[in-house]
Amino acid sequence: MVTWLAENIGTIIVLIVLVAIVAGIVLAMRKDKKSGKLSCGGNCGSCGACAHAASCAAGKKKR
């Protein structure tokens, strides 16, 4: 077991770093979603090709 760990320590460290980065990105996205931030920049109304242009808060007209 110790030999296997010694032979693969570089791969294990890279894996741990990548998992930490992905977890940080996911947590940041969840935090942004809870605070109401849009991932697309919030200007969906100006993009005619945007699939969510009709439902986007920035794309709706104010009354």
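This briefing walks through the helices, surface and confidence of a single chain. The model is predicted, so local features need pLDDT of at least 70, side-chain atom pairs count only at pLDDT 80 or more, and totals for chains, interfaces and linings use all residues. Residues are numbered from 1 along each chain as its sequence is written, and side-chain values use heavy atoms, with hydrogens and water left out.

**Confidence**
- The mean pLDDT (the predictor's confidence in each residue, from 0 to 100) is 80 for the chain, and 59% of its residues reach 70 or more.
- Over residues 59-63, pLDDT stays under 50, and the model has 4 contacts (heavy atoms within 4.5 Å) for them beyond four places in sequence.
- Where pLDDT is low, the predicted coordinates should not be read in detail.

**Helices**
- The chain has 2 helices and 0 strands, taken as DSSP runs (helices H or I, at least four residues; strands E, at least two) and numbered from the N terminus.
- Helix α2 covers residues 9-34.
- The end C-alpha atoms of α2 are 37 Å apart, which agrees with the 38 Å that its 26 residues should span at 1.5 Å a residue; the expected span is 1.5 Å times one less than the number of residues.
- Just after α2, G36 takes a positive phi of about 90 degrees.

**Surface and burial**
- The accessible surface (Shrake-Rupley method, 1.4 Å probe) comes to about 5700 Å², with 66% belonging to carbon and sulfur atoms.
- Of the 63 residues, 5% count as buried, meaning under 20% relative accessible area, with exposed over 50% and partly exposed in between.
- V17, in α2, counts as partly exposed because its relative accessibility is 43%.
- I12 is also found in α2 and is partly exposed at 24%; beyond its neighbours within four places in sequence, I12 is in contact with W4 and L5.

Technical notes. Buried means under 20% relative accessible area, exposed over 50%, partly exposed in between (1.4 Å probe, protein chains only).
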